[in-house]
Amino acid sequence: MTPPVFRFAPSPNGYLHLGHALSALLNFDAARAAHGRFLLRIEDIDQSRCRPEYETAIYEDLAWLGIAWEEPVRRQSEHFSDYREALAKLARADLIYPSFESRADIARLIAAREAGGTVWPRDPDGAPLYPGTAQAMPAAKRGARIAAGKAYALRLDMAQALRQSGALFFTEAAGPFAGSEPGEREVVQAHPEVWGDVVLARKDTPTSYHLCVVVDDAMQGITHVMRGQDLYAATSVHRLLQALLGLPAPVYMHHRLILDETGQKLAKSSGATALGALRRGGATPDDIRRLIGLG
C-alpha cells in the first residue's frame, strides 16, 4: 500500500506564529502516526513580499519544534513553467480570459451598480465578484492591449468551467479539532460558483494560489491536505481546477484556527507573536504544543 503523503506549505512573507505551528505539527504528527511521508513546500510566488530571511526562519522554527521533512524542498518560484503549462491547458479549452481593470476600476464599477440598488454578490472571503465585463471584449482588442504591455489578470470563465466539469465533490476527513470522531469521512459537494471568475494568474506573476496549490499537490503526490478552516471554502475552486486539469483529488481535513484575544485568527499582517520570539523568550517546543492544544 502506498504510504500517505502530508505537507506543510508556508509563505516566506513573515515569521511563523502559533497558527502555523498547529498546522505544521498536525501534519507532521499525522504523517508519523500513519507511517507516511511529510513534505515541506515554500510558497514564494509573491516575490515582492517574500524574503530569504523569512525562509531561513521557517527552517529554523520547524527544526526547533522537532519537525523533519524530506529534501529537496519544493520552492514555487523555481517551478513557474509548471504553472504556465497548466494555464496553457486551460487556455486551449477556452476556459480563461484576460481582464484589464484594476482593483480600483472594479470597485468603481460595483459601487455604481450598488448605487442603483443592486446588492452585489461577494465571495466567501468578502471580496466582490468580478463583474465579467472583459468577457465581451473582442479577441483582437484583447490581443492588442496585451501587445501594448497593459497590465492584466487571467481569469477562469466559471460558467464555462462548470459546464465542462459538471457536479463536483471532495472528501473531508475528520481529525483533531474537526468536530467529529477521528476516522469519519464526509463527501461534500463543491460550490466553486460562489467565487465567480477567479484570478489564476497576472501579467507579472504567471500563477495564483489557487492554481499553484493544485499543481504542486499533484506533482508532489500529496494524498492528504490538512490546513486551516479558513481555506475550507477555497477547496471548491481547487476541486474544480483538479477536474479541469485532470489532476487527482487528495483527502481534505480543515482544522480549527488559533485566535487572538479579539477572536480573530492569528496573522502575520496583524503582528502575531512569532515562534522565534517565543523561543527567545524561553518557550520550549512542549510549551508550544500546550499553547496550541496539542499537549
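A right-handed β-α-β unit is made by strand 1 (residues 5–8), helix 1 (residues 18–33) and strand 2, where helices (H or I, at least four residues) and strands (E, at least two) are DSSP runs numbered from the N terminus. Right-handed here means that, with the strands pointing away from the viewer, the path from the first strand over the helix to the second runs clockwise.

This is a predicted model, in which local features need pLDDT of at least 70 and side-chain atom pairs count only at pLDDT 80 or more, while totals for chains, interfaces and linings use all residues. Residues are numbered from 1 along each chain as its sequence is written, and side-chain values use heavy atoms, with hydrogens and water left out.

## The sheet

Strand 1 and strand 2 pair in the parallel sense over four bridges, pairing being counted if DSSP finds at least two bridges between two strands, and Phe6 stands opposite Phe38 in strand 2. Strand 2 also pairs in the parallel sense with strand 3 (residues 74–75), over two bridges, in which Arg41 has Arg74 as its partner and Ile42 has Arg75.

Strand 2, helix 2 (residues 52–64) and strand 3 make another right-handed β-α-β unit. Strand 2 (residues 37–42) is mostly covered, with five of its six residues buried, that is, under 20% relative accessible area with a 1.4 Å probe and protein chains only.

Technical notes:
Buried < 20%, exposed > 50% of the residue type's maximum accessible area, 1.4 Å probe, protein only.
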